[in-house]
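Try each task yourself before you read its solution.

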Amino acid sequence: MASSAHKFCVERILLSCRRSLRTCSRSYAKAKTKKDHTSPLPGGWQGRVGLEIHAQISSNSKLFSGSQVQFSAPPNTLVSPLDASLPGTLPVLNRRCVEAGVLTALALNCHINRRSLFDRKHYFYADLPAGYQITQQRLPLAVNGHMTFDVYDESRSQRQVLKSCQVRIKQLQLEQDSGKSLHDQENGEVLVDLNRAGVALMEIVTEPDMVDGAEAAAMVKELQLILQALGTCDGNMSEGSMRVDANISVSRSNEELGTRAEVKNINSAKFVQKAIEYEMQRQIRVLEGAGEVEEETRYFDWKAGKTISLRDKEQRHDYRYMPEPNLPPLIVYTDATSPRGMQDSVVNIDRIREQMPELPDTTRRRLVEKYGIQFQHSVALVGEGLVEYFETLIDVKGKGRDPRSAASWVLTDLLEQLHKRSLTFQECSVTASKLGEIVDLVGMGTISKSTGKKSVVLYKAHMLQLTCPTKYIFCWIFSQILGLLFDGDNRSLSQIIEENEWAQIRDEETLGRICDDILEKHTELVEAYRKGNVKVVNRLMGEVQKATNRCAEPTVTSRVLKLKLEEH
Amino acid sequence: MNHLPRLCRAPLVGRPVLLAITRRLSSKVPPEPTWEEVDETKLPKPTKIDKDTIDHLERLALVDFANKEGISRLEAAIRFADQMFLVDTTGVEPMDSVLEDRELYLRADTVTEGNCKDEILRNAGKVVEDYFVAPPGNIPLPKKEEYDR
Amino acid sequence: MLGLTLKETARVLNEGSVTAAELCAACVARARQVQQLNVFITETYDMAGQQAAESTLRHRQGSRLHVLDGIPVTIKDAFSTAGIRTTCSSRILRDYVPPYNATMVQRLVDRGAVLLGKTNMDEFAMGSGSVDSIFGPVRNPWKYNFQTRHQEQDSQPIRDSCHDLKPKSMQMRTMHHHVTSTEDSDWFITGGSSGGSAVAVAAGICKAALGSDTGGSVRNPASYCGVVGLKPTYGLLSRHGLIPLVNSLDVPGIFTRCVDDAVIMLGALAGHDPKDSTTVSDPFQPFSLPEHIDITRLHVGIPKEYHAPHLSEETLSTWKRAADMLEDAGARVSQVSLPHTPYSIVCYSVLCAAEVASNMARYDGLEFGHRGSDHSSTEALYAQTRHEGFNDVVRGRILAGNYFLLKRHYDHYFTQAQRIRRLIANDFRKVFEGGVDILLTPTTLSPARSYRWFVQADNRTRTEQEDVFTQPVNLAGIPAVNVPVSLSEDGLPIGLQLIGQSFQEKTLLTAAKWLEQQVNFPHLQLPDPSEMS
């Protein structure tokens, strides 16, 4: 057992070594490359990407009806007569959806139109019961915004910033979502569930300012974080609460845009990049083969990693937009224009702006400034939605744990456990305070001490009051405990440690130094021993145990102590 | 039944009216029609609907009316609409609705309806396991062999 | 009992001299007596009896809900009624049963009104004759020869003659194919599209009826049937549950025997509805009209463009006499101009077609309504469903509307129509700003025409002609009312239209009441049902 445990320990040490090298307090400068923003494709081709993002608004009820909004429910149970488009039903606008749209538009630096209008967009489809969608085509809620985001180098595990980009937001509008169609291949039928029909969407349209898939993917990820921070959309692409359509073109020159193709059915940020990369290559192949790119809608087949033409004969679909006659103009107010006595029933841009929560960009900088953690850790914490967890773990008002170690524990061990068990962060059963307990128990504080050219990390064990480079042992213990907790072990932490005998120090070198320490402090006892008083050994053992908080393994300690005694 | 218009005497219920003083010189109702029907020659050339247009419209409208009868009705409706161009509308703003100066009522974000699956499905011609049923769309999802190379 | 006004009826119910149950039974008997007029699509006599019994009990206990408690009413079959078939006279909704009540219906029910049935109309309210219905045309009770008909015909009128529709290749879609012959066509049309409701009131079947008015669909049949037909201001009455023709023009309308009755109905129905975003949130105060009306404060406008081509002599002279009468009584009467009147019908037809194209897009057979059998693809199913379900008038308008809404035509046709709409609304506004309180015009070009004459031209032509005086009012969103004024030489009603300013129903109806008091219109008298063999 000892040898396999030892072997395992060594492996863990090596792993932890690698990790700790990464989490060393070596700071990496933010690498801003001087890459040209316009030409990432070979052969002199310029790519251009614009995105249309549909984000489902987190609200209790739908945009125009009082049906509940919920991701999964038995078919057609969240449907009102309006959602089913029964004749004679009329839309009534949900205030919360307007507020969410305004808040999002403000976060994207848009101009909010004081007056905006609704229109009908007509097409026939089984999951569109009215034969038209209510949207805002002529005069949307907000226009002319912009968003900045960083593109990271994911190829190396450190999140190095490759470049900083800005994309213009053309408009943000409110519109209805459609129902869902399920294809029953066996019976050659389409089954329609209208639970989703009428759910509120924000459509965010960007200008074609992005040049490749990486930029677009980064933009999408940042937008997800922004929406999650605002609470207006959960940004969950796999569940469909956020969908991205990409408009992609390539051309030789930077001024003129090529013919664009629209690609739909992209359901993750990763696929945003893949789909765009594939499509750009495809268009280049077509153009280099002296063909022409068709202006069409294509479908991203994620299994094959390709875009496929939908071969819709009616490529230029005429939506016959018409003003929605059942909805008078939507008016939003400011403090200056808000009608007296009606503050509660109108949407006030200024009030909403006051309630703007901290946005991801600000959070990333704040974590670095406030806690001194490294920038890429800050990026990772924000990116994985771990900020609150992290800040709870640091427990500033309470014990005050070291932020940098805390970041490391969260980003490496915690995420590793989740990943190993294929869990999402939402499903994490180990709370921040529990993790904090482990940290305290196993004991990590860090002292950074520069000795000349190299920084050497010296770890001081709170509990054991030792300074030794055996932090790796503690890493190992830490991840063992964490693993047990994830597996559902509900013993107390001290129980776990005791029953596994991890707290026992067996390492002879360590014990040797501890004994040296003790012997130096108790010279009179050493003297007594020399004079033949063997009972002193017990006393010395007692001292060692006191100093190690009863963690010294008795048999080994006894042997080491005796040896040391001989030496002294 | 041979009733004559009975407006000869206006029964004045308890109010003195200065009939003599307010004697009108002539009726305010004009004796002759004040306008004529539109002169066809003033209109632009009649629109003829070609096959492409009617096919396009049929796809958008799905009423199966792309036959002779449908086309002639459409052309007549367009011809009638052409009369609009006899009116000078320079500088006139289009009017969406008489409520253009009003503002949209907003409701609170509470769940007030839904959860009535049986009522919703009751009028549907075909239902399978609580789903509405449609035939496959005109653009089926492509099979493996049909990928672009 | 059947000849009393709503107001009078409420009084006798309240006094207890007649019970609601007795009244209901009498109305049902009258309805059966005049069944040939084809007023009802769906009769709800059993439910009415139940409602009447409950009302009788409430009256006995002295706890009547409202002046409308126990009053029999009928509803145009364009209003959704929970659990009761609502068809819009179309095959596509022939078996549709809504799960909810229109707000107008709910408000009547909440006040104890007794619902006798859903009345016949032009399919989807497209038409001005109430002849284009899958259930057959509605017949005007005026000059109707009940005696002869009673001997010749079944008591069941022609119903649903489309049930044996042949495949379309074999089918002959003639203009009014549901009527097998025009031999029996000496009767007069009711006007439309709310013909059934107008007749229900005129024939004494009920005391009040709901209709809808998009381009005159309440005022037109009111004029032909000799009843009061009120189209309130757009935004005053809720359209929730009213199956729309043109959402930006539709208004629920009221048919009654006299103006005071219309005021009572208005008081029960008007006011903000949170389910209809196009109702105004201004609070509505129900009002009543005085018996003695001082007309001298009124400034009446006579728009000269309403002497349109083809205005009949009799209608013209009726109009003249009314204008003169007002002036003689001390009102200020001036001739005014609404210069864009001649273009109003064109503008209306474009806006109407566009909205129809849009509103009808939901009829695909999936969630409700008629469903075709062609399941080869969604498009094929939709096209077949809509072909079978809609008549030619509806389909023609859908096609035209889509044409006008095409991207390449939108600015040319649709926006131009919207500009003309503003000109027309401005015409009215300028006249009212100039000090005019109300306008007096004819309602229709002439008294009711015979069915035989009417079907010689197609629906669109007839609508163009018939709606000339009524639809500008819808474009401007202002209120108007038809007041029955006199009978023609042939014995058919002639009505006149009064037009008022937005939300000034009280002024409008005061003037209407005055006119009504002066003319003493001879309402239709039918023999007591018990006297019929």
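**Exercise 1.** In this predicted model, work out how helix 10 of chain C and helix 12 of chain C are oriented to each other.

*Solution.* Helix 10 of chain C and helix 12 of chain C are roughly perpendicular to each other. Let's see how we get there. Begin with the axes of helix 10 (residues 341–359) and helix 12 (residues 392–405) of chain C, which cross at roughly 100° and come within 7 Å. Next, use the cut-off: angles of 65 to 115 degrees count as roughly perpendicular. Finally, look at who touches whom: residues of helix 10 of chain C, including Val350(C) and Ala353(C), meet residues of helix 12 of chain C, including Ile398(C) and Phe404(C). Sorted by class, this contact has 11 nonpolar, two polar and one charged residues.

**Exercise 2.** Now classify the packing of helix 6 and helix 7 of chain A.

*Solution.* First, take the angle: helix 6 (residues 360–371) and helix 7 (residues 375–383) of chain A pack at about 135°, with their axes 9 Å apart. These two helices of chain A are therefore oblique to each other. The contact's residues divide into seven nonpolar, two polar and one charged.

**Exercise 3.** How much area do domain 1 and domain 2 of chain C bury between them?

*Solution.* Locate the domains first: domain 1 of chain C covers 6–294 + 501–531, and domain 2 of chain C covers 344–415. Their contact takes 22 residues from domain 1 and 23 residues from domain 2. Between them they bury about 1900 Å², 61% of it on carbon and sulfur atoms.

Methods
Residues are numbered from 1 along each chain as its sequence is written. Chains are lettered from A and ligands numbered from 1 in the order in which they are written. This is a predicted model: local features need pLDDT of at least 70, side-chain atom pairs count only at pLDDT 80 or more; totals for chains, interfaces and linings use all residues. Side-chain values use heavy atoms; hydrogens and water are left out. Axes are lines fitted to C-alpha atoms, for helices over the stretch in contact, and angles run from 0 to 180 degrees between N-to-C directions. Helices (H or I, at least four residues) and strands (E, at least two) are DSSP runs, numbered from the N terminus. Angles under 35 degrees count as roughly parallel, over 145 as roughly antiparallel, 65 to 115 as roughly perpendicular and the rest as oblique. Ala, Val, Leu, Ile, Met, Phe, Trp, Tyr, Cys and Pro count as nonpolar, Asp, Glu, Lys and Arg as charged, and the others, Gly among them, as polar. Domain bounds come from an automatic or database domain assignment. Contact means heavy atoms within 4.5 Å. Buried area is the accessible area (1.4 Å probe) that two parts lose on being put together, summed over both.
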